[in-house]
Amino acid sequence: MNQRILRNSAKCKRCGDEVVHMMAWCSCRKVGVDGGHEYIRRLGKPEDRIETSKVLGAKA
């Protein structure tokens with residue numbers, strides 16, 4: 001896989017916070033983001049977030 005993570009982020013549907021980069025949570029603690037520019041990992045339920053990451057490159 002040859003991808004470059006430009007922005008690792010997700011927006012919480014409950015509190016409206018946008019969480020960016022490494023090991024951070026929104027203020028209501030329903031959505032967490034981890035990985036920075038190395039990998040994308042989400043914490044919390046998928047239905048509680050909107051994916052806002054930006055990734056460049058082709059999938060292998």
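Colleague: Is Arg29 buried or exposed?

Modeller: In general, the relative accessible area decides the class, and a residue is called exposed when the value is over 50%. In this predicted model, Arg29 has a relative accessible area of 53%, so Arg29 is exposed. Arg29 sits in the loop that joins β4 to β5 (32-34).

Colleague: What is the phi of Arg29?

Modeller: Arg29 is not a glycine, yet its phi is positive, at about 65 degrees. Met23 is also a non-glycine residue with a positive phi, of about 35 degrees. Met23 belongs to the loop between β3 (18-20) and β4 (24-25), and with a relative accessible area of 43% it is partly exposed.

Colleague: How many salt bridges does the structure hold?

Modeller: A salt bridge is read from the distance between a side-chain nitrogen of Lys or Arg and a carboxyl oxygen of Asp or Glu, which must be within 4 Å. The structure holds four of them. One of these joins the side chains of Arg7 and Glu18, with an N to O distance of 3.1 Å. Arg7 is in strand β1 (residues 2-7) and Glu18 in strand β3, so this pair ties together parts 11 residues apart in sequence. Arg7 is partly exposed at 30% relative accessibility, and Glu18 is partly exposed at 39%.

Colleague: Which parts of the chain does the pair of Arg14 and Asp48 link?

Modeller: The side chains of Arg14 and Asp48 form a salt bridge at 3.0 Å, N to O. This pair links distant parts of the chain, 34 residues apart: Arg14 lies in the loop between β2 (9-12) and β3, and Asp48 in the loop between β6 (41-43) and β7 (49-51). Arg14 is exposed, at 56% relative accessible area, whereas Asp48 is buried, at 7%.

Colleague: With which residue does Arg42 form a salt bridge?

Modeller: The partner of Arg42 is Glu51, and their closest N and O atoms are 2.8 Å apart. Arg42 is buried, with a relative accessible area of 15%, while Glu51 is partly exposed, with 44%.

Technical notes. Residues are numbered from 1 along each chain as its sequence is written. This is a predicted model: local features need pLDDT of at least 70, side-chain atom pairs count only at pLDDT 80 or more; totals for chains, interfaces and linings use all residues. Side-chain values use heavy atoms; hydrogens and water are left out. Helices (H or I, at least four residues) and strands (E, at least two) are DSSP runs, numbered from the N terminus. Buried means under 20% relative accessible area, exposed over 50%, partly exposed in between (1.4 Å probe, protein chains only).
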